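Colleague: Could you take me through this model? I should like to begin with confidence and then turn to the helix packing.

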Amino acid sequence: MAPDSSIAIDCLGYTPIPVALLSCDEVPMVDLYRREADTGRLRLYRAANVPMLPEDLERLEKSKVGWLYSPNVDQGEMQLYIRRKLDMLVRDNNISVRDRFRKLNDVVEGILSSAFEMDDTDEVMRSSAYVASMAVRLLCQDELTAGDLISLLHHDFQAVTHSLNVAYMMVRLAREMRMVADDELTSVAVAGILHDIGKLSVSERILNKSQRLQRREERVAQKHPAHGFRRLCERTDISFGQLMVVYQHHERTSGKGYPVGAVGDEIHPWARLCSVVNVFESLVSNRPYRRRYPLTEAFQIMDGPLSKGLDQEIYRCWKHLILKK
Ligand SMILES: [Fe+2]
């Protein structure tokens, strides 16, 4: 079940709780709210002192309710609960890696959407680190092939979905190329989740515009790597490689990228990695003005002028990884 991507719009002050993680025997004793489908408003679903029954969960699942909400005063308790349940899910060898990954992806999209919508960098950093550590545990299992990964991802036009997909792909590719030590893969995933954080400083009107951007709007949108860099550069919990992913993921080895037109090795290897999967992810995802391309068509497009400014070794490796049977 895909998460409701507009979770936080009407739900600021509430913590989203994935229904998929609830089990009736141990739901924390907090008020739980449900979002009305038509108005988007929150309505009390279950008061803290009312037990949750198995049929309640069944009913929620049947009506495709993916999320309940608890007031932020109970945030600490709920977050501990969610983390414990996610931890159990990721380690549960009775469920296939594919199914665990699918479930994890649904849940973490909601968690990250909520953090990004709050526009709170500390919260984004905390959630990204947590989500990355969970995802990497599954992404490093050979049972989950790169092809599986692509088929399990959501391909809608949501900023958080895009960032998460890019993060997952970066991890798989970095691991395949042995670009970093295994214990650095979580940092790579965090970099992927954060790569477009600068878009929080660009107006939604421009970001979501379905027609071609005017030159002036394009210049505004192209400032997002610099906005992201400024937002994060003084933090002590971000590495140089991560910061360079944020700042340089639209640079091209040919010097035709932005924000500064860096060339070749001036672009950090993690940023070159990000550029490749960033272009690929955009092609295989739906956009307001076009449907997603099938994999082979996406690579045909990338084989053309699009690949010119991409690191060729990284691009070839990604293509091989996805197309190999
Ligand atoms: Fe970007």
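**Confidence, domains and helix packing**

Modeller: This is a predicted model. The protein chain has an average pLDDT of 89, and 95% of the residues score at least 70.

Colleague: Where is the pLDDT below 50?

Modeller: The pLDDT is below 50 over residues 1-9. In the model, this stretch has 25 contacts beyond near neighbours in sequence. Where pLDDT is low, the predicted coordinates should not be read in detail.

Colleague: How is the chain divided into domains?

Modeller: Domain 1 covers 1-75 and domain 2 covers 92-323. Their C-alpha centres are 29 Å apart.

Colleague: On to packing. At what angle do H12 and H14 pack?

Modeller: Helix H12 (residues 269-283) packs against helix H14 (residues 312-323) at about 45°, and their axes are 9 Å apart. The crossing is right-handed.

Colleague: Which residues make that contact?

Modeller: H12 contributes Arg272, Leu273, Val276, Val277 and Phe280, while H14 contributes Ile314, Tyr315 and Trp318. By class, seven are nonpolar, none is polar and one is charged.

Colleague: And how do H10 and H11 cross?

Modeller: Helix H10 (residues 224-232) and helix H11 (residues 240-248) cross at roughly 150°, with axes that come within 7 Å. H10 is roughly antiparallel to H11 because the angle is over 145 degrees.

Colleague: What makes the contact there?

Modeller: Pro225, Gly228, Phe229 and Leu232 of H10 meet Leu243, Val246, Tyr247 and Gln248 of H11. This contact has six nonpolar, two polar and no charged residues.

Terms used: Residues are numbered from 1 along each chain as its sequence is written. This is a predicted model: local features need pLDDT of at least 70, side-chain atom pairs count only at pLDDT 80 or more; totals for chains, interfaces and linings use all residues. pLDDT is the predictor's confidence in each residue, from 0 to 100. Two residues are in contact if their C-beta atoms, placed from the backbone, lie within 7 Å. Axes are lines fitted to C-alpha atoms, for helices over the stretch in contact, and angles run from 0 to 180 degrees between N-to-C directions. Helices (H or I, at least four residues) and strands (E, at least two) are DSSP runs, numbered from the N terminus. A crossing is left-handed if the near helix is turned anticlockwise from the far one by less than a right angle, and right-handed if clockwise. Ala, Val, Leu, Ile, Met, Phe, Trp, Tyr, Cys and Pro count as nonpolar, Asp, Glu, Lys and Arg as charged, and the others, Gly among them, as polar. Domain bounds come from an automatic or database domain assignment. Angles under 35 degrees count as roughly parallel, over 145 as roughly antiparallel, 65 to 115 as roughly perpendicular and the rest as oblique.
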